[in-house]
Amino acid sequence: MKNQLKIILLISLTLFCSKAFGQIDTLNYLKQFEVNKNNYVGQPMSKLLNDMIEIKPKTAWSASKGNKKITTAATRFKFCEMDYSFHNVITLWIEWQNEIPRDQTKYYEQKNGFYFTNDEKSFYGSKIVKDIKVFR
């Protein structure tokens, strides 16, 4: 019985550590894009997405600016499964050069349930990046 408990604890610890280190690796990986944002500001989002070879966003969430609910000023790209999207997750914040009409971003959010699919990749790929922030 003690051996089974030790094995269960060891497996649990291994899974927890791999998930924690995975988050740190993701954060460090994405931070390099924030540090080098001069390469991406003023460029289409497709350039950033093409350079992100190790990991891609899993979800995309629109963000308004102030009380302006008719446009999307920025988008939060998250790198975790939907179940964890509201829990201290790693976020790539992209502010857009030109605000996007909210009805366009809402269409994709409703169509694909906030998931970042090829539809979103095509849609956001042509938008011009104004600023990049990465945070947890």
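Predicted model: local features only at pLDDT ≥ 70, side-chain atom pairs only at ≥ 80, totals over all residues.
Strands of a sheet pair through backbone hydrogen bonds, in a parallel or an antiparallel manner. In this model, 4 strands form an open sheet in the order β1-β2-β3-β4, and their pairing is antiparallel. Because β1 (59-63) and β4 (129-135) each have a single partner strand, they stand at the edges, and one side of each is left without a neighbour in the sheet. From one strand to the next, the twist averages 25°. The antiparallel pairing of β1 with β2 (residues 71-78) extends over 5 bridges, and Thr59 is placed opposite Lys78 in β2.

**Helices across the sheet**

Helix α3 (residues 102-112) lies across β1, β2 and β3 (91-101), at about 135° to β3. Helix α4 (residues 118-125) also lies across β1, β2 and β3, but runs at about 60° to β3.

**Salt bridges**

The model contains 6 salt bridges, and the table presents some of them.

| Pair | Closest N to O distance |
|---|---|
| Asp119 and Lys111 | 2.8 Å |
| Asp131 and Lys133 | 4.0 Å |

Lys37 lies in the loop between α1 (2-35) and α2 (45-51), whereas Asp131 belongs to strand β4, so this pair ties together parts that are 94 residues apart in sequence. Asp131 is buried, with a relative accessible area of 16%, because the cut-off for buried is under 20%. Through shared partners, salt bridges join Lys37, Asp131 and Lys133 into one network. In the pair of Asp119 and Lys111, Asp119 is partly exposed at 30%, and Lys111 is partly exposed at 43%.

Conventions: Residues numbered from 1 in each chain as written. Heavy atoms only, no water. Pairing = 2+ DSSP bridges. Helix = DSSP H or I, 4+ residues; strand = E, 2+ residues; numbered from the N terminus. Axes fitted to C-alpha atoms, helices over the stretch in contact; angles between N-to-C directions. Contact = heavy atoms within 4.5 Å. Salt bridge = Lys/Arg side-chain N within 4 Å of Asp/Glu carboxyl O. Buried < 20%, exposed > 50% of the residue type's maximum accessible area, 1.4 Å probe, protein only.
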